[in-house]
Each structure stands twice: as C-alpha cells, then as structure tokens.
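Trainee: I am new to this structure and would like to work through it slowly. Could we begin with the terms?

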Amino acid sequence: MRIVLYYSEVESFNFFTDQLSRQLKARGHETFILDLANPPASSPHSYVSFARFASQKVDAVICFDGLGIREDSFIELWNSYQAAVIDIILDPPLRFHPTLINHPRNYLALCCDRDHVSYIQTYFGQTAPHVSFMPQAGVLPEENAAVIPFGARKYDILFSGTYYHWESMLNNLKELFPDNKEISHFYEVMFRNLTENCHLTTEQAVLYTLRQLGWDVSSETLKTLLRCSESVDWAVRHYYREKVVTVLAEAGFEFYLLGRGWENLSCVRRSNVHHLKDRVAFKKTLPFMADAKINLNVFPWFKSGTHERIFNALLQHSVPLTDSSRWVDENFTDGVDIALYDLEHLDKLPDIADHLLTDQPFSERLIQKGYEKAAQNFTWSHCTDQILAAIAHMAFG
C-alpha cells in the first residue's frame, strides 16, 4: 500500500510517526511523511514532494490527534482516493469534537483509553461510528544493546514529563467565561469533585457536577460543557503530578526530573531533587530511562487506559512505578511485572519506592517479567499490526 503519515509541531508525535513508518516499510509498504510545518520545497517532507506522491492513489493515511486530516482540502483529497484514515488519539477526545464531526469518509479513531472509546461512541456515534481501543507502545532497544546493571544506574527515581501549575489552568476558565460566573462556578465545583474522588473520569465529573448543582441541560449543552472542561482536565492531572512528586521529594529520595516547567514547583529547590534538562527530544529520553532504577508515571487522567511511559520503562529494563487504571489492573500484576501506588494513599508511596530501591533481586525479577510482557505485546510492531488489520477491514471488509 501507499500510506501517508505526518510530522507536526508535536515532537513526540514525530518520533511515533518515524516508528510507524519504519515498521510499515519493513512490511513492504511505501510511506510518505508530510511535514505540516511547511518546510522548503527541497525538503523530502515538503508539500511539493507530497503533491508528487499524492498524484497517484493513496491507500491509507495515519495521523495523531487529527493533525493532517481536519482541513477541508485534506478531507476532499482522502475522500477522492477512498483512503482509509486512521486517527490515533492520544489525548482525551473532548479536545477533538470538531474533528469527530468533520473528517474524511473512511475514518477510524484509535484510542489509548477504553473510556475514550465509550466517549466517542456515546457523543459522536453518528458522525464517528468507527472507533477502537489500541494500547500505546514502547520502543524495543537495539538488538544486543547493553543493559546497565540495576545497582550501577545514575538515577534512583526519574520522572519524564512536563509540569504546569494547576491554578493557572483553572484561571484559563475565567478568561474563557469572563461574564458568566455560573459557568466558572460549575468548573470550580467539578475540579473539587475530581480532587476529592480520583476515580472519576472527566466525563463522569461533568455529569456528577450537573446532578450535584441540579442542572438540567440539553445534549448539545452537555457536549459544550464537556468540550470546555479541557482546562479542568489539565488542572487535575497536574494537581496530582505535583502531589506525587512532592511526596517523594519530601521523603528524601534522590529524585530526577526531565522536562519543562519544574522550576515552578517549590520542592524542586530541595538538595535531593535534580532537574536534569528542560527540553528533551522524545528519543533522547530513552537513554535517561535506561539509566534509572525507577521510572515514575502519573497517568494523565486515563482511568481505563495505557501510557507509553510504562512500556518504555519496562523495555528500557527499569521499574515502572505508576498509579493504576482498570486496563492496567486487568493486564499487569502489582509486584510481579509492574509496581503500583494509589493516588488515594500517597502516604504509602515512599515505602513502595524504598522497597524497590533496596530489594534489588525483587526489582530485577519484576523488570524481567515486565520486559517480556511489553516486548511480546506492546511495541510499535504490535501497533502496526493492529493498524494494518483495521485498514484491511476498512478497505475490503
């Protein structure tokens, strides 16, 4: 098949695109990657080069978070070729309502959280009827790559990710609704509900808050409230990210942070907390992960989902220490192939981390079991197989 993929301003998506393109080429398919940033015509990823590639039939298109398929020109082009369009949605679908309404005809959304699948089926079943679950993936190390011995690793606990102060996220709502204190109050109550019950999804929190306040709204108003809850979704994930990092920092662990925004967190000024780098390309985070005994994960409010940090930690032969999700509970076992903590009982987190760091044989057994599971089930090769199966079904089934 002839398949189009995209580069965008989201650097991690570009890395994922490269992984998919490599896997597709290894299976004999022809791929072209269009850079949406519009590089010079001499670039192999320019619109000029794309026009030449697309002058012949394109069988399939693969994108992330709708980037490259939303514009009318792309919709018309992919419809003219009857191309299968695969949209890998890595963020909550509440951010993508317009795309879920207006998209190419042969459109399939693949979500990394089963709740996201249900969300699209519930609110966009008529306009986006084809949606499935696909776990995120990790990157297998190069064959025969050396593994750093557990006891010789530089970093006791590493967290790779960004931090934004959650209050600034909530302030965005005041700017969004400057003249509607009732709506602002709704989202303030919703945020409080999420911090008091960390098992609620963002959608459930909207519905619960409506009942709590006695609001009766139309289906279209409900969709609007869901769409505008993005700032609350951002706020609660960073609220808990701050809590988890602070607990470990204040417990005295040698803690390492990789990513933007951590200078805004007060505990980072402690002598045992080390902000390694501000902006790091996704590919360059993997050697850091391989040199860490523990890689921390705080789910971005995916309550029945997956995250690449877990799979990449295991594939880099490190312990993933993470809060759980219903999917994780069904597919991994705490203390066997993953290490779990509970957002409701963060007082126990330091003891969990201490055990992982001090009981080296235990952690090494966990890593080995988890590595085998991730390598056998959760790599970009497995994603490619699922995508190709979906394309075949869309084209011929």
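Mentor: A residue is called buried when its relative accessible area is under 20%, exposed when it is over 50%, and partly exposed in between (1.4 Å probe, protein chains only). What you see is a predicted model, in which local features need pLDDT of at least 70 and side-chain atom pairs count only at pLDDT 80 or more, whereas totals for chains, interfaces and linings use all residues. Residues are numbered from 1 along each chain as its sequence is written, and side-chain values use heavy atoms, with hydrogens and water left out.

Trainee: Is Q360 buried, partly exposed or exposed?

Mentor: Q360 lies in helix α15, which covers residues 360-377; helices (H or I, at least four residues) and strands (E, at least two) are DSSP runs, numbered from the N terminus. Because its relative accessibility is 31%, Q360 counts as partly exposed.

Trainee: Which residues is Q360 in contact with, once its neighbours within four places in sequence are left aside?

Mentor: Contact means heavy atoms within 4.5 Å. With the neighbours within four places in sequence left aside, Q360 is in contact with F150 and G151.

Trainee: How far apart are the C-alpha atoms of Q360 and F53?

Mentor: Along the chain, Q360 and F53 are 307 residues apart.

Trainee: Is D65 buried or exposed?

Mentor: D65 is placed in the loop between β3 (60-64) and α3 (72-80), and its phi is near 50 degrees, a positive value in a residue other than glycine. Its relative accessibility is 5%, so D65 counts as buried.

Trainee: And is Q82 buried or exposed?

Mentor: Q82 also has a positive phi although it is not a glycine, here about 55 degrees, and it lies in the loop between α3 and β4 (84-89). Since its relative accessibility is 59%, Q82 counts as exposed.

Trainee: How many residues does the second, separate core have?

Mentor: Among the members of this second core are C112, F299, L314 and W380. The number of residues in it is 52.

Trainee: Which residues does Y187 touch, not counting those up to four places away in sequence?

Mentor: Y187 is one of the residues with the most contacts inside the largest core. Not counting residues up to four places away in sequence, it touches L173, F177, T224, L225, C228, S229 and V232.

Trainee: Which are the edge strands of the open sheet of six strands?

Mentor: The six strands run in the order β9-β8-β7-β10-β11-β12, with parallel pairing, where two strands pair if DSSP finds at least two bridges between them. An edge strand pairs on one side only, and the two that do so here are β9 (273-277) and β12 (339-340).

Trainee: Which residue in β11 stands opposite L296?

Mentor: Strand β10 (residues 292-297) pairs with strand β11 (residues 319-322) in the parallel sense, over four bridges. In β11, the residue that stands opposite L296 is L321.

Methods. A nonpolar core is a set of buried Ala, Val, Leu, Ile, Met, Phe, Trp, Tyr and Cys residues joined through side-chain atoms within 4.5 Å.
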